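Thanks for coming. I will keep this short and talk about charged side chains.

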Amino acid sequence: MWNLMVVEDETIVRIGLRYMLKWESFGVHWKAEASNGEEALRIMDKEEIHIVMTDIRMPGMDGLELARQIKQRNPQVELLFLSGYDNFSYAKEALRLGAADYLHKPTMDEEEVAGTLRKVVTRLEETQAVKQSPAEEDRSEYLLSLLDKYTIPGRPSLPELETEPYREGYVLTVIRKREDAVCDDAESEHLRFLSVRYLVDEFVSKDWGGLVFHRHFREILWLAPAAPPHPRAPIRWTEAGTWRACGIRFSSR
């Protein structure tokens, strides 16, 4: 799920957008709202945001300056601009900053916003696919080789697995795509799989640590320390949608 932040100084516009679409059906979570650029940057410092939909003209920091600062901090964030003015210079600058689209508030409708969302999600998925470089594929293959019964629960020659959190053992979590899941074409399935893998990696690495890799674009594997460095409430994996997950604990002794 990709996190969206909407930056708009008019409350009525934010409310209208919030209920215009079923955002979750596009794989987008309405994560945060801000009424100006300064507030938006504070949210960006605290939350993981993938898509920013921002008005251009706002009190204080305008949307164009906000976009510049966001791109400096995280070039991979996708930008969507809103404007009540049909001004070519605004649109030109928005595109120069890497905007995915420029929406004219007085004329935009549900169909146009939905089409823009689909384009943005596709761009995000393609970006994550590019991240899966040949070196990462080699790393996945190497990590898979460590799951051989002659290696686990021994002491694999990987630096991360020799650190303090792993001395209590390991927890292997397997997130598997359901066999009865509806499939698209192979390329789309790979992009979607890599997006899910990336989100799992982002989610678990912050608080639990561990190594996330995959097998044959069907399973996402998370090898985590039995004693996480920053423990929170334990994760309870379950079956949801097209994915199943289960965990297996290994002792290092």
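**Charge pairs and a charged patch**

Arginine 14 has a relative accessibility of 12%, so it counts as buried. Please keep in mind that this is a predicted model.

What does arginine 14 meet in a salt bridge? Its partner is the side chain of glutamate 33, at 3.1 Å from N to O. Arginine 14 sits in helix H1, residues 11-18, and glutamate 33 in strand E2, residues 28-34, so this pair ties together parts 19 residues apart in sequence. Glutamate 33, at 33% relative accessibility, counts as partly exposed.

Strand E2 also holds lysine 31. The lysine 31 side chain meets that of glutamate 47 in a salt bridge, 3.6 Å from N to O. Glutamate 47 is in the loop between helix H2 (37-46) and strand E3 (51-55), so here the linked parts are 16 residues apart in sequence. Lysine 31 is partly exposed at 36%, and glutamate 47 is partly exposed at 35%.

Next, glutamate 78 and arginine 123 form a salt bridge, with the closest N and O atoms 3.1 Å apart. Glutamate 78 belongs to strand E4 (residues 78-83) and arginine 123 to helix H5, so the pair ties together parts 45 residues apart in sequence. Glutamate 78 counts as buried, at 6% relative accessibility, whereas arginine 123 counts as partly exposed, at 31%.

How many salt bridges does the structure hold? There are 8. Some share partners, joining Glu8, Glu10, Asp55 and Lys105 into one network.

Last, the surface patch. Asp109, Glu110, Glu111 and Glu112 gather there as a patch of negative charge. Aspartate 109 lies in the loop between strand E5 (101-104) and helix H5 (110-131), and counts as partly exposed at 38% relative accessibility.

Notes
Residues numbered from 1 in each chain as written. Predicted model: local features only at pLDDT ≥ 70, side-chain atom pairs only at ≥ 80, totals over all residues. Heavy atoms only, no water. Patch = residues over 30% accessible without salt bridge, like charges linked within 9 Å, V, L, I, M, F, W, Y side chains within 5 Å. Areas by Shrake-Rupley, 256 points an atom, 1.4 Å probe, with all protein chains shown as cover. Salt bridge = Lys/Arg side-chain N within 4 Å of Asp/Glu carboxyl O. Lys, Arg positive; Asp, Glu negative; His and termini not counted. Charge placed at Lys NZ, Arg CZ, Asp CG, Glu CD. Helix = DSSP H or I, 4+ residues; strand = E, 2+ residues; numbered from the N terminus. Buried < 20%, exposed > 50% of the residue type's maximum accessible area, 1.4 Å probe, protein only.
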